[in-house]
Amino acid sequence: MVQEFPDVERNDRGKGSFSQYRYGLMPNNPRVRLRLAASNAYQRELQEILDSGASPLETAFSRRSQQEDSIDAPIEVRLFTGTRVSGPVGFIPRGLESIVDEALSRLDLNSRKQRIPAVIVRSGGRLRVELLMGQTR
């Protein structure tokens, strides 16, 4: 069960499931996505990114330090738009941080940039960020 952000609206808690991953937290298929939590507060930033037409989008964040990990700090996500790094656009949903950590490790071991591809989608009248986890296979 994914732990939730207590101060986030019910429809803004992110989306993802361990059932979409196999041993070693490898995505089951190339279509696996993880929706960021707490994006409602960043609608203006997301709209600016969409309006700029920046493509492709990739995450711009690093792994948590040992200190951040010990206090279970949320992982803030920014997007690299090809020319700049955006402001914050959301957080990794609680409980799913290990999936992102493993994806970054896999990318590093395969000598690829430690950036997870992302897309901005419209859901429930709001903009959301989905990480294309399946592309980290």
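Started with the inside. The largest nonpolar core has 27 residues, and Leu34, Ile92, Ile116, Val129, Leu131 and Met133 touch the most other members. My reminder: a nonpolar core is a set of buried Ala, Val, Leu, Ile, Met, Phe, Trp, Tyr and Cys residues joined through side-chain atoms within 4.5 Å, and buried means under 20% relative accessible area with a 1.4 Å probe, protein chains only. Helix 3 (97-109) gives this core its largest share, five residues. Helix 1, strand 5, strand 7 and strand 8 also give two or more each. Helices (H or I, at least four residues) and strands (E, at least two) are DSSP runs, numbered from the N terminus.

Before going on, I noted that this is a predicted model: local features need pLDDT of at least 70, side-chain atom pairs count only at pLDDT 80 or more, and totals for chains, interfaces and linings use all residues. Residues are numbered from 1 along each chain as its sequence is written, and side-chain values use heavy atoms, with hydrogens and water left out.

Next I picked Ile116. Leaving aside neighbours within four places in sequence, its contacts (heavy atoms within 4.5 Å) include Leu57, Phe61, Val100, Leu104 and Leu131.

I found an open one of six strands, order 3-8-7-4-5-6, with antiparallel pairing; strands pair if DSSP finds at least two bridges between them. Strand 3 (34-35) and strand 6 (85-91) are the edges, each pairing on one side only. Strand 5 (residues 76-80) and strand 6 share four bridges, and Glu76 has Phe91 as its bridge partner.

Conventions: Buried < 20%, exposed > 50% of the residue type's maximum accessible area, 1.4 Å probe, protein only.
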